[in-house]
Amino acid sequence: MSNEIVLETRGLTKHYGGVQALNDANFVLRKGEHVAIMGDNGAGKSTFVRQITGVEQRTSGDVIFDGQPVNFTGPIDAREAGIETVFQTLALADHLDVPDNLFLGREKTKLDWLGPFRLLDYKSMRQDTLDALERTGVKIPNIRNTIERMSGGQRQCVAIARTASFASKLTIMDEPTAALGVQETAQVENIIRTLKEQGEPLILVSHNMRQVMDLVDRIIVFRRGRIVANLRKEETDGQDIVAYITGAKTGAEYEGAA
Amino acid sequence: MADTSQGVGGLTFDKSKRSWPNELNILLALVIIIVVFEAIGQFAPYMNGQSFLFDTKDRFDSIFNEARLQIIILQVAIIGIIALGVTQVIITGGIDLSSGPLVAATAMIAMSFAQVAEVNGFPNPKALFGPWAMDLPVIVPVVIGLAFGACIGIINGTFIAYFRIPPFIATLGMFLFCRGIALWWSGGNPVSFPTDAYAWIGSGMMPVVWFVLLAIIFQLIMSYTVYGKHTYAIGSNEEAARMSGINVKRHKVMVYMIASMLAAFAGIVLSSKAVTAQAGMGEFYELFAIAMAVIGGISLQGGRGSIIGTVLGAMVLGVIRSGFTYIKLDGSYQLMAMGAIIVAAVILDQYRQRNRA
């Protein structure tokens, strides 16, 4: 594994009025690494993700992405820099089909001088969609189907395929299998394994212990807005992690934090 | 390229798998309505075997009763032009109630720059402005009218997108405001006697020509351009559209602007056709335009609907109006029937949507 750092946060802090949702989070993600973020509800996991992806503006601290300090003003900014996010609420347009959704907001076009009325290059977008789905191992019976006619798992796969179909430097998934059945979850997990094989770094927010132990290299535990543990998968187990999540244990380097 | 109809890794985009388009249902409904009128004409004793659609006077040059076909389309063409814009607004999940009064206001404003200086050797009795506004090239009133429409649309869109006023409220306000402008513009007096060029815009079958032309243009725009795709995306899932990097606010302003420009153009065509502009013009047009879109299968929740559907919806209304006259039923029955048909269309559509999923 390369030691090149993809993402680093230093003292990342977010207050909502008087509520300290995230406090002094120091985090490092290296190239090719898959890291899980765990913690109880309200522990600060999603807040952390929202600061990195520019959905919200942090109160203080630094985010260094790809060697550069960054200040994303919105999720679009972050995406343009190479951070692709699968949000908890799927950002898909129900009445559009798979290629439309994959390319939403970054359509391939012809006759660009027509401005807003420039033509969509459907043929090329369909081909790219098929390529992207094949690469990620996503199986969808008919890409011309609209999202509203798909199962929850297929929708999630489309959302993930979207992040994977553009040359991203970092993929973030916020509870990608929370609403899925067993088979659908397995399909999503396979996609994550494919990303791992391809050396794509990933941050996975999840409540699912088995999934986390199966998929990632490292586990970060949040509690009450602070990072309380940074565990290598080989050096921990489910019970251990639960102890950190509930507060029975706190990592040595984080003593006094929470 | 691989044979993709067989699928790549279990994937297909086989065209035959595309769903039965909603528009075919409306076309079917249209045909049924026509058949019903035709049957009444053939079999009802008081009709003396007249035909609704066919030429029964044995004029060998035509099969259809062309005069009736022309009237069917002509009487919905102007409201149809408005409906093309209303369709786009509803697809974004909005609504536009201001189009009827905007038709009147634009008719007044445009007509007052289209007047002739002299009528039969006498000064124009309805002249609103001095000689400087007389006998201007036709482009002047058209551009002024469209620019006025664009301004109204931008105001609508800005209130809705940037100030988060619900579209119903924002355009209801504009509804009253525009009717006010129409009344204030000439102090309630009609504005008449346009130049020949201006009178040509809405003469004869020209309203139908504009309607068909604009319908084709906007069907292509909605299906094949980024503008169309983003319009559907915003109505389908506004949050997703925003997350995907679409400038939702700016796009909404553009949609309302285009809708109001279409309504303004309808005002120009209407005043040209009537050869006069009056403050009371376009009454209920906004509601009939919405009705056309609704019959055409649009969803008021946004994301679903099409220009073709709205054109067919317009045809349904046209056929009903013409058909009721043909079977000699009073206008009051027409309104009752139209009301019933609008509600029936939505009930059928909802039923179909539920069964599809």
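Two strands are said to pair if DSSP finds at least two bridges between them. With that in hand, the reader can turn to this predicted model and begin with strand 4 of chain A, where D62(A) is the bridge partner of R10(A). That bridge belongs to the pairing of strand 1 of chain A with strand 4 of chain A, residues 60–65, which is antiparallel and extends over 5 bridges.

Strand 1 of chain A has a further partner, for its residues 5–16 are joined by 8 bridges to residues 19–30, which make up strand 2 of chain A, and here again the two strands run antiparallel. Within strand 2 of chain A, the residue that stands opposite H15(A) is Q20(A). Strand 1 and strand 2 of chain A form a hairpin with 2 residues between them, and in its turn G17(A) has a positive phi of about 60°.

As for confidence in chain A, its mean pLDDT is 85, and 96% of its residues reach 70 or more. Among the elements of chain A, the highest mean pLDDT, 94, belongs to strand 8, whereas the lowest, 80, belongs to helix 5, residues 152–164.

We come next to the contact between the chains, to which chain A and chain B each give 31 residues. On the side of chain A that touches chain B, the elements that give two or more residues are helix 2 (75–81), strand 8 (119–120) and helix 4 (122–136) of chain A. Helix 4 of chain A supplies the largest share of that side, 4 residues. Sorted by class, the side of chain A that touches chain B holds 16 nonpolar, 11 charged and 4 polar residues.

Leaving aside neighbours within four places in sequence, I81(B) is in contact with residues including W210(B), F211(B), L262(B) and F265(B).

Helix 10 of chain B is also the place of A259(B). Because 32 other C-beta atoms lie within 10 Å, A259(B) is buried, the cut-off for a buried residue being 20 or more. Apart from neighbours within four places in sequence, its contacts are G85(B), V86(B), Q88(B), V89(B), D96(B) and G153(B). The C-alpha atoms of A259(B) and S99(B) are separated by 8.3 Å, although these two residues are 160 residues apart along the chain.

Conventions:
Residues numbered from 1 in each chain as written. Chains lettered and ligands numbered in written order. Predicted model: local features only at pLDDT ≥ 70, side-chain atom pairs only at ≥ 80, totals over all residues. Contact = placed C-beta atoms within 7 Å. Nonpolar A, V, L, I, M, F, W, Y, C, P; charged D, E, K, R; others polar. pLDDT = per-residue confidence, 0-100. Buried ≥ 20, exposed ≤ 12 C-beta atoms within 10 Å, placed from the backbone.
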